[in-house]
Structure formats: C-alpha cells, structure tokens
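Me: I'd like to go through this one with you, a bit at a time. Can you start with a helix and then move on to other parts?

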Amino acid sequence: MTINRHALLAVILSAAWCCVPSAGSAEEPKRETATFGGGCYWCVEAVFQRIEGVSNVRPGFMGGRIENPTYQQVLTGRTGHVEVIQLEYNPDVVTFETLLQVFWRTHDPTTKNRQGPDVGPQYRSVVFTHTDQQRDVAQQYKRLLNRQKAFQSPIVTSIERASTFYPADADHQDYFNRNPDKQYCQAYIVPKLKKLEELFPDQLKADPANSTDAR
C-alpha cells in the first residue's frame, strides 16, 4: 500500500501538537468555599478580604424561608436569613481551621442574635458548612474552645448545612474598602482590623491595598 508522504507528515505533526501543553493548561489553584455569619456582613467581609489564600469574598444572605430576599426584608429579622459572607479559599495556603480561628476571634460568638449595635436574628453567629469535613471540624473546634473556656461565656455559634446563597446588592459589596471614613466603618470595622493584625500577622496579605485580589 502506498502512503502519501504529505498525509503522513500531517498525521505526525498533528500527534506531536496534541502532546504539547497549552499555555492555559497550568494547574489551577485549589478552591473551596466557606460561609460565615458573624454580625454585619460589612465587618466580616473586611476581615476575610485580608487573609492570604482567600478570594472572591462576597456579602449576602443564607438560611431563610423565602427566595431572593432584599436587604430591607432581611433587616426586619422575619425572613430567617442571616447576613453572611461567602468566600473561596486555597486549602494549600490557608486551612479551614485557620479560617475558623479568624472567624471566632474577630467577633463575639457568645452573644445570641447580636454583634455590637446590630441586633436581631439576621446577625446571629453561624458557620454554614459545605462538606461533612467542614461540619466535623467546626463542631470539634467549638467543643474544644468551650472546654478550654476560651471565652467568658459559652459559644452560641450554630453550625448548619449551607443552603442557597443570595448575594447582596452591589452597593453593599466591598463596603469598607470603598467607605473607610464612614462613621460605622471607623467605629466598628477598624477595631476588628486592628485586632486581626495583632492576632494573625502571618495570615495577612502582603499588600492590604489588594485585599480583594484572588491569591
């Protein structure tokens, strides 16, 4: 059988090309999801935006009884939703255990339905877990902190299975970075960020100006 040399060359080049890695084939960093409620989501968002390995931090609502709630509906405390932040993290850079440390140390997990001036069930302390492993880690860690009496009162943070996340409106996103001089930010968010810097200096992103970047 006679083989066309041009056809054979085309087959060889095609096979070789298939074996060449493409420019976009580099392995993407791992991404897992975590969701926390610890009072006003502006505060919690600003904290986690500054943690190395965390990206795509978004404020929103979870755990309620109606679909697509508005901020004004959640504010009444009657929808069952909680103000939360949902984020992505690279477990090779920051572990879920470390995220829990940051969460529990940067708000008061012993007050039911209240954080500072924000009062109501929409401000309750909660960890919404996305996997069985997250649930087990959160439950064990909570029991450990209570046994150690890490806080003056028992932790009331609930640990619940994650449900539908409803992102907040655009004017509620990246709030502190856009409004650092507002009275609420200065009174309640700045002290949290100072505490974060004191307790977790090794977990902070190198450049706070890029706190919303994916790293």
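Reply: Let us begin with helix H7, whose buried residues are Cys185, Ile189, Val190, Lys192, Leu193 and Leu196, and please keep in mind that this is a predicted model.

Me: What do the buried residues of H7 pack against?

Reply: They pack against three other helices, namely H2, H4 (96-105) and H6 (175-178).

Me: And where is the kink in H7?

Reply: The kink, of about 35°, lies at Ile189, shortly before the proline Pro191. As for length, the 17 residues of H7 (residues 183-199) should span 24 Å at 1.5 Å a residue, and this agrees with the end C-alpha atoms, which are 24 Å apart.

Me: Switching topic, which strands pair with S3?

Reply: Strand S1 (residues 32-38) pairs with S3 in the antiparallel sense over 5 bridges, and strand S2 (residues 54-62) also pairs with S3 in the antiparallel sense, over 7 bridges. To follow this in the structure, you can look for Phe36, whose bridge partner in S3 is Ile85, and for Val54, which stands opposite Tyr89 in S3.

Me: How many residues of S3 are buried?

Reply: In S3 (residues 82-89), 7 of the 8 residues are buried, so the strand is largely enclosed by the rest of the structure.

Me: One last thing, is Gln49 buried or exposed?

Reply: Gln49, which sits in the loop between helix H2 (41-48) and S2, has 3% relative accessibility, and because buried means under 20%, Gln49 counts as buried.

Me: What does the side chain of Gln49 make a polar contact with?

Reply: Its partner is the side chain of Asn177, at 3.0 Å.

Technical notes. Residues are numbered from 1 along each chain as its sequence is written. This is a predicted model: local features need pLDDT of at least 70, side-chain atom pairs count only at pLDDT 80 or more; totals for chains, interfaces and linings use all residues. Side-chain values use heavy atoms; hydrogens and water are left out. Buried means under 20% relative accessible area, exposed over 50%, partly exposed in between (1.4 Å probe, protein chains only). Helices (H or I, at least four residues) and strands (E, at least two) are DSSP runs, numbered from the N terminus. Two strands pair if DSSP finds at least two bridges between them. A polar contact is a pair of N or O atoms within 3.5 Å; within protein, one must be able to donate a hydrogen and the other to accept it, and residues adjacent in sequence count only if both atoms are side-chain atoms. The expected span of a helix is 1.5 Å times one less than its number of residues. The bend at a residue is the angle between axes fitted to the seven residues ending there and the seven starting there. Contact means heavy atoms within 4.5 Å.
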